Amino acid sequence: MIFVSFLSSFSKPLMMALSNSSWRLLQPSFFLMGIPGLEESQHWITMPLSVLYLFAVMGNVTIIFIIWTDPSLHQPMYLFLAMLSGIDLVLASSTAPKTLAVLLVHAHEIGYTVCLTQMFFIHAFSSMESGVLVAMALDRYVAICHPLHHSTILHPGIIGRIGMAVLVRGLLLLLPFPILLRRLIFCQATVIGHAYCEHMAVVKLACSETTVNRAYGLAVALLVVGLDVVAIGISYAFILQTVLKVPGGEARLKAFSTCGSHICVILIFYVPGIFSFLTHRFGHHVPHHVHVLLATLYLLVPPALNPLVYGVKTQQIRQRVLRVFSLKGWI
């Protein structure tokens, strides 16, 4: 209830910004091209994208269900994992349905308000996912460097506050995106060379001054990714320092193995994201269809792989998943 009431407080200014923006348009909608340059292959591309979206929905719903119904998993690591799965569900569902509709049934048109809403959700929840990854790094740091105080430091109240802080940061930092877009005038073509409404792709269509939009977008990207990567790096530097002091190779290996899933998820999220950001801003020689395809995969691959990574590498999750499906097999 707290989450719903808090989120609803942001809906009014967001919808006001979006509705006011529509008066600045001479055309009431945008046209999503899909993946320019690969028009003949788009039907084939929908197959792996559909599989990724199916894996993302099934995997993350399973993770949330298992953690929600098993009191023994109501621990910091798994509660943060449930937050990550919820964010991944929103992120994938904000992108995949419209992208698949564009590529499969050529539903290229998207309303102006719907486009900006999709853009807001994609960027806001990407920021939230980055914040949850920082929280998970903090959990690993406390568990390894201060194991005796883990439950007292990261008690349920603190976990709830961390989750709320991640939510507030994502909403506050990204709410100006649609508000700043309302000052832009789209007086020419409104064709977006993308499979979904991405911030810079929309900004580039404006025929009015966009310096503020570009500067704020760059500042948010550097602030979120930059600070979060530094925080994660510092956490793992302390973890490495502590683990190397542990006597015995087997004990060190066990300590490192507890971080394996988190490190895999970090690489899956940040590496393609940073590459997509750099190619969009500076990769003028990278073919446009390559950038669009990578940007689309960036929003679908992490939500699809995160449950698999934790399901394979985390014994508690793996055991409960097998138990759930074995019970279904007997019914």
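Biologist: How confident is the model overall, as a mean pLDDT?

Modeller: This is a predicted model. The mean pLDDT of the protein chain is 82, and 86% of its residues reach 70 or more.

Biologist: Which helix has the lowest confidence, and which the highest?

Modeller: Helix α1, residues 2-22, is lowest with a mean of 48. Helix α6, residues 156-174, is highest at 94. Over residues 17-27 pLDDT stays under 50, and the model has 26 contacts for that stretch beyond four places in sequence.

Biologist: What is the secondary structure of the chain?

Modeller: The protein chain has twelve helices and three strands. Of its 331 residues, 47% count as buried. Among contacts between residues at least 6 apart in sequence, 82% join residues at least 24 apart.

Biologist: Take α4. How far does it reach from its first C-alpha to its last?

Modeller: It reaches 50 Å with 34 residues, close to the 50 Å expected at 1.5 Å a residue. Of those 34 residues of α4, 28 are buried, so the helix is largely enclosed by the rest of the structure.

Biologist: And α9, how many residues does that have?

Modeller: α9 has 34 residues and reaches 48 Å between its first and last C-alpha, close to the 50 Å expected. Its buried residues include N213, G217, V220, V224, D228 and I232. Further along α9, S235, Y236, I239 and V243 are buried too.

Biologist: Why would residues three or four places apart point the same way?

Modeller: An α-helix has 3.6 residues a turn, so residues at that spacing point the same way.

Biologist: Where is A219, and is it buried or partly exposed?

Modeller: A219 is in helix α9. It counts as partly exposed because its relative accessibility is 43%.

Biologist: Which residues of α6 are buried?

Modeller: L173 is one of them, and the others are I159, I162, G163, V166, L167, G170, L171 and L174. The 19 residues of α6 should span 27 Å, and the end C-alpha atoms are 27 Å apart, which agrees.

Biologist: New topic. How much space lies in the second largest pocket?

Modeller: About 670 Å³. It is lined by 31 residues, and the closest to its centre are H123, A221, G273, F277 and Y298. The elements giving two or more residues to the lining are α4, α8, α9, α10 and α11.

Biologist: Which element gives the most to that lining?

Modeller: α10 does, with eight residues. By type, the lining residues divide into 17 nonpolar, twelve polar and two charged.

Biologist: What about V202, buried or exposed?

Modeller: V202 is buried, at 0% relative accessibility. It sits in helix α8. Beyond four places in sequence, V202 touches F30, C115, L116, L181, F186, I192 and C197. V202 and M119 are 83 residues apart in sequence and 9.1 Å apart in space, C-alpha to C-alpha.

Biologist: And E109, buried or exposed?

Modeller: E109 counts as exposed because its relative accessibility is 56%, and it belongs to strand β2. With residues up to four places away set aside, E109 touches S29, F30 and K98. The C-alpha atoms of E109 and M33 are separated by 9.0 Å, though the two residues are 76 apart along the chain.

Biologist: Last one. Where does H106 lie?

Modeller: H106 lies in the loop between α3 and β2. Its phi is near 60°, a positive value in a residue other than glycine. H106 is partly exposed, with a relative accessible area of 46%.

Key. Residues are numbered from 1 along each chain as its sequence is written. This is a predicted model: local features need pLDDT of at least 70, side-chain atom pairs count only at pLDDT 80 or more; totals for chains, interfaces and linings use all residues. Side-chain values use heavy atoms; hydrogens and water are left out. On a 1 Å grid over the protein atoms alone, a cavity is a set of points where a 1.4 Å probe fits but cannot get out, and a pocket is an open set with protein on both sides within 12 Å along at least five of seven lines; lining residues have an atom within 4 Å of a point. Grid points are joined across faces, edges and corners, and a volume is the space filled by probe spheres set on the points. Helices (H or I, at least four residues) and strands (E, at least two) are DSSP runs, numbered from the N terminus. Ala, Val, Leu, Ile, Met, Phe, Trp, Tyr, Cys and Pro count as nonpolar, Asp, Glu, Lys and Arg as charged, and the others, Gly among them, as polar. pLDDT is the predictor's confidence in each residue, from 0 to 100. Contact means heavy atoms within 4.5 Å. The expected span of a helix is 1.5 Å times one less than its number of residues. Buried means under 20% relative accessible area, exposed over 50%, partly exposed in between (1.4 Å probe, protein chains only).
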